[in-house]
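The following exercises are meant to be worked with the sequence and the 3D structure side by side. Please try each task before reading its solution.

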Amino acid sequence: MTTIAQRFGPYGGRYVPETVIPALDEFAAAYDAARDDPAFRAELAGLLRDYVGRPTPLYRAERLEAEYQAGPIYLKREDLCHTGAHKINNAIGQVLIARRMGKRRIIAETGAGQHGVATATAAALFGMECVVFMGRTDMRRQRLNVIRMNMLGAEVRPVDAGSGTLKQATSEAIRDWVTHVRDTHYVIGSAVGPAPYPEIVAELQSVIGIESRAQVMDAEGRLPGTVVACVGGGSNAIGMFRGFLGDGGVALVGVEAAGTGISSGLHGASLGEGSPGVLHGSLSYLLQTPEGQVAEAHSISAGLDYPGVGPEHSHLRDAGRVRYVSATDDEALEAFGALCRTQGIIPALESSHALAAVAREGRAWGTKGPILVCLSGRGDKDVDQAAEAMGIDG
Amino acid sequence: MADGAARLREAFAAAERPLLVPYMMGGFPTLGASRDVARALGAHADILEIGIAFSDPLADGPTVQAAGQVALDAGVVPDDVIALAGDVRDGPPVVLMTCLNLVMAGPPERFMRAAADAGVAGLIVSDLPCDEGDDVRAAARQAGVAMISLVAPTTTDERLADVAKVAEGFVYCVSVTGVTGGAVSVDDDLAAFVARVKRAIPLPVVVGFGVQTPEHAAAIGRFADGVVVGSQLVRAIERDGLDAAAGLAGAMAAALRGDGN
Ligand SMILES: Cc1ncc(COP(=O)(O)O)c(C=O)c1O
């Protein structure tokens, strides 16, 4: 039996067709063995250092502090990772495990395209076949990343069902996995899915929080008062929070997508507005109809446009350890513009949701100590969409 | 309350040939028309399997997904499909097939009671493996609805032993490593898989996924206790109409009887 967490409180589990259960067992066993293998750890650490560019910097954003009249504000620069977001931390780790398991084919789902690019990158690095499932709507709004995946030698498979976003892409990826499970590893891109995925993804992303904690201590001689991250499926957030869960005095804030406003009904706030249910293999908070049909999420940010969330976040929500709030499309765009102007950093629209929460609440947080923001990715992929929304001509 | 597992056992005991289990999607092509589908297919069925459409099915291929989407777009809800089962309760025993979240949203106690009240004998939940869902199984037991387990070619002997502890009614062998709607290859591997399941679990074994022709059915009937025919019937309804689909079901039943062999 694996030592990897299967549940977080009542949440998590393995609600998938029986066909893939042995593959989940195999993945858990392979990860268990790898985790204790110094050679694996050294290989992963080496790749994170020399290929991904870790540790990523911690940067004090002083002009943003002036803009928000809050601070100190520190940005954890996951946007400076190779490929432009935290997603590569997970993709590299999982592809290494896939190679140990002797799998030749890699599949992934992607919303914003960052996880697809990260997986295509890792597959190219190890010479593996890679297919990425992406909703048609997301292919349009994150076109740059579709081009990148193609350049990296991955096949991007459009998913036309429903709203053509992350939910449908994930369902399609799981169905492909059910069909090709013997030779294929499914690299899930967030801390979601059936066990052991949520725990493995959280562990692979925990490098964010572990580095950040030491870096803030170095810079300030104290812990942050508040740590904030955006929550789509929840991988950058859980990776960051894992560094601080044991520090009771550190307030943790997760920011979901409020879309065009919670009251409009068009949002992605599963923790704020959803109820427990089963989607994509685990029990967690979910946007759903009273009959249990999964609802469509809405967000300007493709990476947060998902009606589910990782099971550990559901547990942390119920336990009150993390406070989950939300930011609207407009608030995110405003924060996006503010970081561009004040710091010369173009953030991802996902990460802009975390910044928007600082804009709104930062002054109050500042009194409790430094604010640490997970800048999960860069905004190159979003420039077309943001320019249009902001009325900027090319 | 009638014991669903016992009614399914009787269906196997009463049949003189391997059972035919046609699958239909509740609410396809319309809710009204699916009553006619249930009766037409039921005429050839030993057990009738009715799907309840879910927004994000993980085990369905394109054909069943599309049929489910038609039902969802028309606003069909689980209670509609349970009512449909109730309408045809004078026919062969009905088993429902769906995904876990619809049962959980029920919640399970209410879902199972409604199903049992409609005369439903069993329930197949495609994303509920044997080591999950104690609460759902308890609710089913309370209501007298048999929880039917799925096993796949990838299922190890060790797991088959676990499935044996919770399986009720019959065991549903997924013929292929994959989703519904492909084509089964009836070969030694499939026969060996079914034999492996029969050794591990003392229940009738039914084979489904990819059974498309009377020849498939007859060949599988030589080593299994029944076959499920799904996507091919859905396709037939869509392309050629209900009479053609019923004709296919009739031909399958004849093939299982050994007619024309
Ligand atoms: C830059 C960035 N941040 C955040 C997310 C949201 O995912 P998660 O909540 O798993 O970190 C994405 C997803 O695509 C992303 O690209």
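**Exercise 1: a strand and its partners**

In chain B, 4 bridges join strand S3 (residues 94–98) to S4(B), and the two strands run parallel; strands here are DSSP runs of type E with at least two residues, helices are runs of H or I with at least four, both numbered from the N terminus, and two strands pair if DSSP finds at least two bridges between them. The model is a predicted one, in which local features need pLDDT of at least 70 and side-chain atom pairs count only at pLDDT 80 or more, while totals for chains, interfaces and linings use all residues. Residues are numbered from 1 along each chain as its sequence is written, chains are lettered from A and ligands numbered from 1 in the order in which they are written, and side-chain values use heavy atoms, with hydrogens and water left out.

Task: which way do the residues of strand S4 (residues 122–125) of chain B point, and how does the chain cross from S4(B) to S5(B)?

Solution. Begin with the strand itself: Gly122(B) and Ile124(B) point one way, Leu123(B) and Val125(B) the other way, and all are buried, where buried means under 20% relative accessible area, exposed over 50% and partly exposed in between, with a 1.4 Å probe and protein chains only. Next, look at the partners. Finally, follow the chain from S4(B) through helix H7 (residues 134–143) of chain B to S5(B), which gives a right-handed β-α-β crossover, meaning that, with the strands pointing away from the viewer, the path from the first strand over the helix to the second runs clockwise.

**Exercise 2: the surroundings of the ligand**

Task: how many residues surround the ligand, and which are the closest?

Solution. Count first: 19 residues surround the ligand, and the closest are Ser190(A), Gly232(A), Gly234(A), Ser235(A) and Ser376(A), a residue being near if one of its heavy atoms lies within 4 Å. Then inspect the polar atoms. A polar side-chain atom of Ser190(A) lies 2.5 Å from a ligand oxygen atom, an N or O atom in the side chain of Ser235(A) is 2.7 Å from one, and for a polar side-chain atom of Lys87(A) the distance to a ligand oxygen is 3.0 Å. Of the 390 Å² of accessible area that the ligand has on its own, the protein covers 98%.

**Exercise 3: a serine in a helix**

**Exercise 4: a hairpin in chain A**

Task: is strand S12 (residues 282–286) of chain A buried or exposed?

Solution. Since 5 of the 5 residues of S12(A) are buried, the strand is largely enclosed by the rest of the structure. Then turn to its partner: strand S11 (residues 275–279) of chain A pairs with S12(A) in the antiparallel sense over 5 bridges, with Val278(A) opposite Leu283(A). Last, the hairpin of these strands has 2 residues between them, and His280(A) takes a positive phi near 50° there.

Key: A polar contact is a pair of N or O atoms within 3.5 Å; within protein, one must be able to donate a hydrogen and the other to accept it, and residues adjacent in sequence count only if both atoms are side-chain atoms. Accessible areas come from the Shrake-Rupley method with a 1.4 Å probe; for residues, only the protein chains shown count as cover.
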